[in-house]
Amino acid sequence: MLSTLTSIFIATASAQAAPPVVTPADFWLPIGASVQSHNVDLMFNIINYICYFFFAVVVAMMVWFVVKYRAKPGTRIRNDGLTHHTGLELSWSVIPLIICIGIFFFGFTGYVDLITPPKNSFDVNVTAFKWGWQFKYPNGAQSDNLVVPSGRPVRLVMRSNDVLHCCYIPSFRVKKDIVPGRYSTLWFQCDIPTGLEEKNGYHLFCAEYCGTGHSNMNRRVLVLPQAEFDEWLVKQAQWLDEIPDDELYFKAGPKIYARCQQCHSLDGTIGLAPSWQGIWTRLTTPGGARFSDGKSYADIIGTGKEYATPEDYIRDSIYNPGKHLVATYGNVMPTFKGQLNDRAIDSVIGMMKHLDEFDAKGAWTKTVPPAAASPAKK
Amino acid sequence: MTTIVTPRPELLDTAAGKDNYLTYTRGFLSWALTLDHKRIGVMYMTAVLASFLVGGTFALLLRTELLTPGRTICSAETYNQFFTLHGAIMVFLVIIPSIPAALGNFVLPIMLGAKDVAFPKLNLFSFYLWIGGALFTLYSLAAGGFDTGWTFYTPYSTTTTTGGVIPVLMGVFILGFSSIFTGLNFIVTVHKLRPPGMTWFRMPLFLWALYATAIIQVLATPVLAITLCLLIVERTMNIGIFNPSMGGDPVLYQHFFWFYSHPAVYIMIVPAMGIISEIISVHSHRQIFGYRFIAFSSIAIAMFSFIVWGHHMFVSGQSGLMNTIFSLISFSVAIPSAVKTFNWTMTLYKGTISLTAPMMYGLAFLFLFTIGGLTGIHLATLNTDVHLHDTYFVVAHFHYVMMGSALIGMIGGLHHWWPKMTGRMYNEKMAITACIIIFVGFNVTFFTQFMLGSQGMPRRYYDYQPEFQVYHVISTIGAYIMACGFFTCAVCFAQSLMSGKQAPANPWGGRSLEWQCTSPPPHDNFKSPPTVGNCYDFSMLRWDEKEQGYVVDKELEALAIAAEARGHS
């Protein structure tokens, strides 16, 4: 066992000197891709070998004694075993104690590295909500996946809109709870770029139970070289502005809808919230759906009423979702104030008006420019 | 303090074995209003096993749902309710009461040579509190269920729309009092009702374990009660205690909760350790190795259990300094656990080992507890815990301890004392087969989950990444295997009840007092006051073919007494 331990030490020592690599997944651990992962993996493996050793000792003794001293009923009961042996008992109290203190110490120093972000880190603001993530960058850009520069420490400044969440990136060996009402931070550095292809990215999970969509709060961490990242960041900040007004609903709409789809279906499937299927007809024809307080759409939408137009109602439902609840649905939607601007809301409303052009997953199925297809559009 | 029951003269004459606690009186009320600790123990056992069936069914439903990513048999909401119910039922209704309340109630007074526990009426009251708590838990299902996780973390638990949250909190609150009263009863019983000659260090180790457990029950459970009250207050009256949107602090809740729930882990495991001390020494007919170290390690674990709760919160936002302190203290639990494990193993050395069904469970415990204990090191170590926290690694770790150790210990204890409780033997081959099936199924189910967790799969996930599927499928197959094992075990017990052989007074060759009374014991436990000797000196026992059990051999006894006298001089 000692030789294995030594070889691990040597391997890690040389790994630290060598250029950064992504350690491949093995029997126990997934791909290790951050500068911190090597130390965590080393600790994990050392503990593993200690465990194998003690497990083997206990089971070997157990099996050996049971085989050797097994007796049929009727055998004379022997009475020559030790009743106690203070030296032996002290040794298996003290030796584990020393080993434990050693493990504690290395775990502790590793932990200090894990929670202390370097001074030059690049900050990303993270908002977790039921059930999704939003990543906001210093220039105002927003993203659904966490895109970060390579070769530079990244610090996530995280907050929650509602309940406890937890940001967990297995391949970076980092995890931190996000507690509503306070900021929590987490840092990592990944030296190998992955590109923007989602399938090459690393998983980002929510690891603190937060309700129905808990297991769907997974995103990808995508790592870009610094130059490419800067370019992406600028583009990302402007993406909504660059789309012409009349193309907003099918270019931006589906992207924004991706955040809504967990609860709002497009094909009438009953989810946690009303389906968008036929929503515009419902909003504009008398009767419509009822609210939990008994009112109908017609009671609140129209000239002189609470909302002058259906568009006003939709906009307010996105910003103040709990105000009017459609009957039988709970107050579960988070507010999108500060996350969706006017153009984003325009895209969503546009999409609602042209739902026949989208499939059940929210992909736009038409190829003809909308200007030619529906001249009646505003 | 004990109930004084005047023996009915007509029963005194009947032969031993006919007048027993089961036949002493008849009718529903004679059970429902009984003050006999043995009957209360049997009622607890029945209720706990019924709850185990329910909790186990939920476990199978969970594992079935996890066969494929996405929907397999139920929706995410249903799945969340299933795992919450599985956790809550198994923790509060099964494991916590299983050993102290069910087996402990039956065995503790007899082991002490007493007629009953110190407060028999309080004992019955504890049982009805348990029933009340269980009814509230059932009612919570009718009231809309609850999807908070068994930990009831705020602010999710105070904001979720499921309607059963308050009933189940009430249920757990009541169950807590059941647990406190049982603990109180046992503490007083051990202090006051030990027979002359039974000094603290002559008590069987199971009693030490129950005593240590009782101390934790009495000291820790009130904290849970107050925490749940605060939760109910916040949920019903919107007083901000834990919810930050009302000025509360969710991390405070976690501190309160784990201040109870970490010691609760030891409420579950320490009595199982006591059972294993009994099983291993009795079935290897060998003086337990290092009695004092084992006894003191139970007390040490009980004490350490109160100061390690923070290791549940290493990534929760607790300060780095606190994490460091809690990590260091958490390692201290490793020492008494290591002592126990090595001492049990050494007890096998130069023993006269019978591979009976209880012994098989004892050995299974030793194997599984070693894994469960050692993987605790990964989780006490700060930097590896950051990666493993809230993943399946933790799920596997605590199942190895809670199920592989506590529950296997309980089932082992049930096999050990079954002849005493029912007066019947069971089909040993069938029981051993069941044990092996459960052991194999358990390892297939939960060892896979260690890998799943260290590979990065978070717990409480309804849906998962496709690369995890192979582990989930293996784990689910393991769960089905385990179910077959438990089914075999149930058939074995049912068969024993219907047509099992009459049990002798001492089928395994034990020396503690419960093996001196008939199987099943008479209503008053002992016809005459039992003699207290060294409960781990097996040298005077000999297998008696006619009796089909062990008897004290007069010649060997004389030798043993002479040896003891020589030892003292």
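Me: What do the buried residues of α11(B) pack against?
Reply: They pack against α3 (86–115) of chain A, together with α10 (291–304), α12 (334–348), α13 (357–380) and α14 (382–388) of chain B. Contact requires C-beta atoms, placed from the backbone, to lie within 7 Å. Helices are DSSP runs (H or I, at least four residues) and strands are E runs of at least two, numbered from the N terminus. This is a predicted model, in which local features need pLDDT of at least 70, side-chain atom pairs count only at pLDDT 80 or more, and totals for chains, interfaces and linings use all residues. Residues are numbered from 1 along each chain as its sequence is written, while chains are lettered from A and ligands numbered from 1 in the order in which they are written.

Me: Why is Met303(B) called partly exposed?
Reply: A residue is buried with 20 or more other C-beta atoms within 10 Å of its own, exposed with 12 or fewer, and partly exposed in between, C-beta atoms being placed from the backbone. Met303(B) has 16, and is therefore partly exposed. Its place is in helix α10 of chain B.

Me: What makes β6(A) and β7(A) a pair?
Reply: Pairing requires at least two DSSP bridges between two strands. Five bridges join these antiparallel strands; in one of them, Tyr168(A) partners Lys175(A).

Notes
Two residues are in contact if their C-beta atoms, placed from the backbone, lie within 7 Å.
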